[in-house]
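Please open the model in a viewer and keep the selection tool at hand.

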Amino acid sequence: MRVRKVIDGVSEKVMCSVTAAVSFLVVLIAAGLYLKARPIMEITPIKELLTSSSWHPLKGEFGFYPFLMGTFWVTFLAMIFAIPICLLCSIYISEYAPRKMRDVIKPLIDLLAGIPSVVYGVFGVLAVVPLIRDTAHRINISTTGYSVLAGGIVLAIMVFPIIISVSVEVIQSVPYEARESSLSLGATQWQTVKKVVLKKAFPGIVAAIILGFSRAFGETMAVLMVVGNVPQVPHSIFEEAYPLTALIANNYGEMLSVPLYDSALLLGALILLLIVLLFSMAARLILMRGGR
Amino acid sequence: MNLRHVEERCFKVLMIAATFIILGSLFAVIGVILVKGAGALSLSMITQTSKGGYYLGKEGGVLNAIVGSLYLAFGATATSLLVSLPIAFCLQREYVKARTANVVRLSLDVLWGVPSIIYGVFGFTIMLLLGLRASLLGGIVALTLLELPIMVRAIDEVLQMVPRELKEASYTLGATRYETMFKVVTRQILPGIISAIILAFGRGIGDAASILFTAGYTDHIPSSLLDPVASLPLAVFFQMGTPFPEVQERAYASALILLIIVLLLTVSSRLFSRRFAKFVIR
Amino acid sequence: MYHITIKGLNVSYGNHHVLKNVSLEIPRNKITVIIGPSGCGKTTLLKSLNRLLELQEGVRISGSVLVDDESVYDPKVDVTELRKKMGLLSQRPYPLPMSIFDNVAYGPRIHGTRKRKKLNEIVEKNLRAAGLWEEVKDRLKSPAASLSIGQQQRLCLARCLAVSPEIILCDEPTSALDPFSAQKIEETLSELKTDYTIVVVTHNLRRARRLADYVGFIFLGELIEHGGKKDIFENPKDERTRRYISGESYL
Ligand SMILES: Nc1ncnc2c1ncn2[C@@H]1O[C@H](COP(=O)(O)OP(=O)(O)OP(=O)(O)O)[C@@H](O)[C@H]1O
Ligand SMILES: [Mg+2]
C-alpha cells in the first residue's frame with residue numbers, strides 16, 4: 001500500500017518537474033542566445049546591426065539588413081502563393097468535393113505533410129530553378145534561376161499540406177446547422193461558405209496559416225538550396241537572396257575563429273526566435289478572441 | 001440573381017484549379033525525385049558505406065547515412081516519447097489546474113514553431129560549453145528538442161478526448177493516478193500515441209538543420225554515442241553541393257531513399273493502427 | 001449504527017449550486033434507494049461520497065461525509081483506500097480498455113494480488129455473481145468493448161465486486177438491461193446486502209419499492225424527505241414527494 005502511494009507521489013514530482021523544465025525551455029534558449037549575442041551588441045548598436053547592409057565579418061562589420069530582407073521576401077512570397085491556393089483547395093475539399101474524393105485526398109495530403117524538407121530542396125534545384133531560368137530568359141530577364149522566386153515556390157509547396165490539413169479539419173468542424181439556416185434562406189452554397197462557414201472557421205484558419213508561416217519562416221535546407229545565397233538586398237523576385245537561416249547554416253560552427261562572428265550569428269538566431277515567438281503569441285490571441 | 005450564380009461558378013473553377021495545382025505540385029515533387037533518383041539508385045548505394053573519394057565520384061554508398069539517420073531518429077523519438085508522456089499526463093486535471101496547463105500548452109506551441117536551426121545552434125552552443133564534439137548523442141539531443149513539442153501536442157490532443165468517466169472507473173477501484181495513467185489511459189490512447197510517434201519520427205528523420213552542427217558527418221557507422229554520425233538529409237545536402245554531376249545524381253538517389261523510408265513508415269502505420277485500437281473504449 | 005453519515009453537504013459546479021445542504025444517514029447492510037427527477041443531483045451525491053467529484057475543474061464541496069465515523073474529506077485520508085471501500089457503478093458502463101478478464105482482474109492486481117490462480121478464482125467468482133460468467137467464459141481474452149451495453153454493465157458490477165468493497169454505490173445499475181437481466185441484478189443486489197451497504201439511484205419507482213429498505217427523495221438538489229420504505233411510499237409527509245411517487249406532475 002505504502003509503495004503504491006510513494007510511486008504515485010514520486011511520479012507526480014518527476015512529471016511536474018519535467019513539465020516545468022520544458023515550459024522554461026523557450027526562455028532558456030532565448031537567454032542562452034542573448035548571452036552569446038551580447039558581445040556584438042555591446043560593440044555595435046542593435047539598430048545599426050539591423051539596418052546596415054554591409055556584411056564584412058573580417059572587417060568586423062555585421063549588417064543584417066540583407067538577410068532580414070532575404071528571409072522576409074522568401075517567406076512573404078511563399079505565403080502569398082500558399083494562402084489563396086490553400087484556402088480555395090481546403091474549401092473545395094471540405095465543402096464541394098464528393099465524399100469519396102475527400103476520403104482519398106485527405107490522407108494523401110497528410111502523407112505529403114511528412115515529406116522531408118531536403119526533398120523539397122532537391123525538387124527545387126531539379127525542377128523549379130531551371131523552370132524559372134528558362135521562363136525568365138524567354139521574357140528577356142537574365143537570372144540563374146536561383147532566386148527569391150524559387151525559394152518562395154519551394155516553400156509554398158512545402159507548406160501546402162500543413163495549411164490544408166489543419167484548415168480542412170477546421171472547416172469541417174463548423175456545425176451543419178450553421179450552414180442549413182443560411183441555405184434555407186435561399187443563399188447559394190458559395191454565399192453560405194463565404195458568409196457563414198468561413199466566418200466561423202476564421203480563427204482556426206488563421207491558426208493554420210500561422211503554422212504554415214512558422215514552418216516556412218524557419219525552414220533552412222530547402223531554402224538554402226534554391227535561393228542562391230548572395231548577401232544582397234533583393235530588388236526583384238528573380239534576384240538571389242540570402243535568408244537568415246541559410247546564413248547561420250552556412251557559417252556557424254566553421255568560422256568561429258573570426259572574432260565576433262559566432263556572436264553575430266547567434267544574434268541572427270535570436271532574431272529568428274523572437275519573430276517566431278511574436279507570431280505564436282499573436283496566433284494564440286486571435287484564437288482566444290475567436291473562441292469567445 | 002444571376003450574378004450570384006456566376007460568382008459561384010467562378011469560384012468553383014478557381015477552387016478546382018487550386019486543388020489541381022496543389023495535387024499537381026505535390027505529385028511533381030514525388031515524380032521528379034522518383035524519376036531522377038531511380039536512375040541513380042543502385043544496390044551498392046544502400047549496401048555500402050561511403051569510401052574515400054566517394055564525394056569525388058568514386059564507388060561506395062550511403063549506408064552510413066541510412067543507418068545514421070535511423071539511429072538518430074529512433075534515438076530522438078524514443079527519448080522524446082519518454083519525456084512527452086509524462087508532460088502530456090501532467091497537463092491533466094489530476095496534476096495541475098486547467099489554467100497552468102494552458103500556460104504550458106502555450107509554451108509548447110511556441111516551441112513547435114521554433115525553427116529547427118535554432119535547436120541546432122543552441123544544442124551546439126551547449127555542447128561547446130560542455131566540451132563535447134559533434135556526435136550521435138548531440139544529434140539525438142537536438143532532434144529530441146525538435147520532436148518534443150510535436151509529440152506532446154499530439155498526445156495531449158488525444159488525452160483530451162479520453163472520457164472522464166473512464167478515468168473515474170479506474171479511480172473508483174482504488175487506483176492511484178499513476179496506475180490510472182499508465183495502465184488505463186495509456187491503453188486507451190495507444191493509437192494516438194502511435195500516430196504521434198510516427199509524426200515525430202518523420203519530422204526527425206527528415207530534418208537537417210538541427211543536426212548540421214550537432215551530429216557531424218562521417219563515412220563510418222558510429223559505434224558509440226560519442227562518435228559523429230552521418231545522416232541522409234545531410235548526405236543529400238553535401239552531395240548536391242559537389243560540382244560533380246555523378247555525385248549529384250547520388251544526391252537524388254539518397255533523397256529518394258529518404259522519401260521512401262518516410263512514406264513507407266507512414267503508410268504502414270496507417271495500416272497497422274487498427275490493431276492498436278482493439279481495446280479502445282468509445 | 002449508520003455506515004455513512006452526510007451532514008450539510010453542499011456541492012456546486014462553478015456558480016451552479018447543485019446539492020443544497022443535504023443531510024442523510026445511510027444504514028449498514030441495508031439498501032438505501034435515492035429517487036428524484038432527472039438532473040436533481042443524484043449522481044453528484046454518489047460521486048461526492050467517494051471523492052470522485054474533486055477530479056473536476058471548478059467543483060466546490062462543503063459539509064461533511066463520515067464513513068465509519070471517519071471524515072471522507074479529511075486531508076489525511078488515503079483516498080485510494082477510501083475508494084476501494086466504496087465501489088461505484090456509473091450510470092453508463094465504462095469498461096477499461098483491456099480484455100474482459102483484465103477488467104475484472106485490474107482491481108485485485110493493483111491491490112497486490114499477483115498469483116494467476118487466485119486471479120482466475122476472483123474473476124470467475126465475480127463474473128458469476130454478476131451473472132455474466134456463462135456468456136463470456138469462452139472469450140475472456142477478447143476486448144471488453146466488444147460486449148453489449150448490458151453485458152458491459154454487468155462486467156462493471158463484477159469489476160466493482162472484485163475489489164471486495166464494503167459499500168456499493170449504484171447509479172441506475174439496470175438502465176441498459178432488459179427486464180429479465182434487470183431482475184437478476186436486482187436479486188443479486190438483494191443477496192449482497194447481507195455483506196454490503198448498498199446505495200441505489202433509480203428512476204424506476206416499482207424497482208425502488210421492491211429493493212429499498214430506506215428511501216431518500218431529492219428534488220432540485222434538496223433532500224426533501226428520507227426514511228423507511230413504508231414511511232416514504234405509503235405516508236409521504238411532503239407534498240412534492242407524494243406527487244413524485246404517485247407519478248403526478250411534480251412541478
Ligand atoms: N461536470 C458538470 N459540470 C457542470 N454541471 C454539472 C456537471 N455534472 C452535472 N452537472 C449539473 O448538476 C446537476 C445535477 O446533475 P446530476 O448528474 O447529479 O443529476 P442526476 O440527478 O444524476 O440526473 P439523472 O437522473 O438525469 O442522471 C444537473 O443540473 C447537471 O446539469
Ligand atoms: Mg445521474
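Helices (H or I, at least four residues) and strands (E, at least two) are DSSP runs, numbered from the N terminus. The model is predicted, so local features need pLDDT of at least 70 and side-chain atom pairs count only at pLDDT 80 or more, while totals for chains, interfaces and linings use all residues. Residues are numbered from 1 along each chain as its sequence is written, chains are lettered from A and ligands numbered from 1 in the order in which they are written, and side-chain values use heavy atoms, with hydrogens and water left out.

**Stop 1: B:Thr176**

Select B:Thr176, which is placed in the loop between α7 (164-172) and α8 (177-188) of chain B. Is B:Thr176 buried or exposed? With a relative accessibility of 4%, B:Thr176 counts as buried; the term means under 20% relative accessible area, exposed means over 50%, and partly exposed lies in between (1.4 Å probe, protein chains only). Next, display its contacts, a contact being heavy atoms within 4.5 Å. Neighbours within four places in sequence left aside, B:Thr176 is in contact with A:Arg4, A:Asp8, B:Tyr171 and C:Thr80.

**Stop 2**

Move to A:Arg4, whose salt bridge partner is B:Glu179, with the closest N and O atoms 2.8 Å apart. A salt bridge here is a side-chain nitrogen of Lys or Arg within 4 Å of a carboxyl oxygen of Asp or Glu. Between chain A and chain B the count is 5 salt bridges. Helix α1 (residues 2-23) of chain A supplies the largest share of the side of chain A that touches chain B, namely 11 residues. That side of chain A divides into 53 nonpolar, 15 polar and 8 charged residues, where Ala, Val, Leu, Ile, Met, Phe, Trp, Tyr, Cys and Pro count as nonpolar, Asp, Glu, Lys and Arg as charged, and the others, Gly among them, as polar.

Now select the whole interface: 76 residues of chain A are in contact with 80 residues of chain B. The area buried between the two chains is about 7,100 Å², and carbon and sulfur atoms give 80% of it. Buried area is the accessible area (1.4 Å probe) that two parts lose on being put together, summed over both.

**Stop 3: salt bridges elsewhere**

Over all chains, the count comes to 30 salt bridges. Select A:Glu95 and A:Arg179, whose side chains meet in one of them at 2.5 Å, N to O. A:Glu95 belongs to helix α4 (residues 65-96) of chain A and A:Arg179 to helix α8 (residues 176-184) of chain A, so this pair ties together parts that are 84 residues apart in sequence. A:Glu95 is buried, at a relative accessible area of 14%, and A:Arg179 is buried at 11%.

Continue to C:Glu57 and B:Arg93, a salt bridge of 3.0 Å, N to O. C:Glu57 sits in the loop between α1 (42-49) and β4 (59-67) of chain C, and B:Arg93 in the loop between α3 (63-90) and α4 (98-113) of chain B, so the pair joins two chains. C:Glu57 is partly exposed, with a relative accessible area of 40%; B:Arg93, at 27% relative accessibility, also counts as partly exposed.

In chain C, select C:Arg242 and C:Glu239, which form a salt bridge of 3.1 Å, N to O. They are 3 residues apart in helix α10 (residues 239-245) of chain C, so about one helical turn separates them. Then select C:Glu124, C:Arg128, C:Glu134 and C:Lys137, which salt bridges with shared partners join into one network.

**Stop 4: the nonpolar cores**

A nonpolar core is a set of buried Ala, Val, Leu, Ile, Met, Phe, Trp, Tyr and Cys residues joined through side-chain atoms within 4.5 Å. The largest has 226 residues, and those touching the most other members include A:Leu33, A:Phe64, A:Val122, B:Ile117 and C:Ile6. Centre the view on A:Val122: apart from neighbours within four places in sequence, A:Val122 is in contact with A:Met225, B:Ile33, B:Val236, B:Met240, B:Tyr252 and B:Ala255.

**Stop 5: chain A as a whole**

Finally, select chain A, which has 12 helices and 2 strands. Its C-alpha trace spans about 80 × 70 × 30 Å along the principal axes. Of its 292 residues, 53% count as buried.
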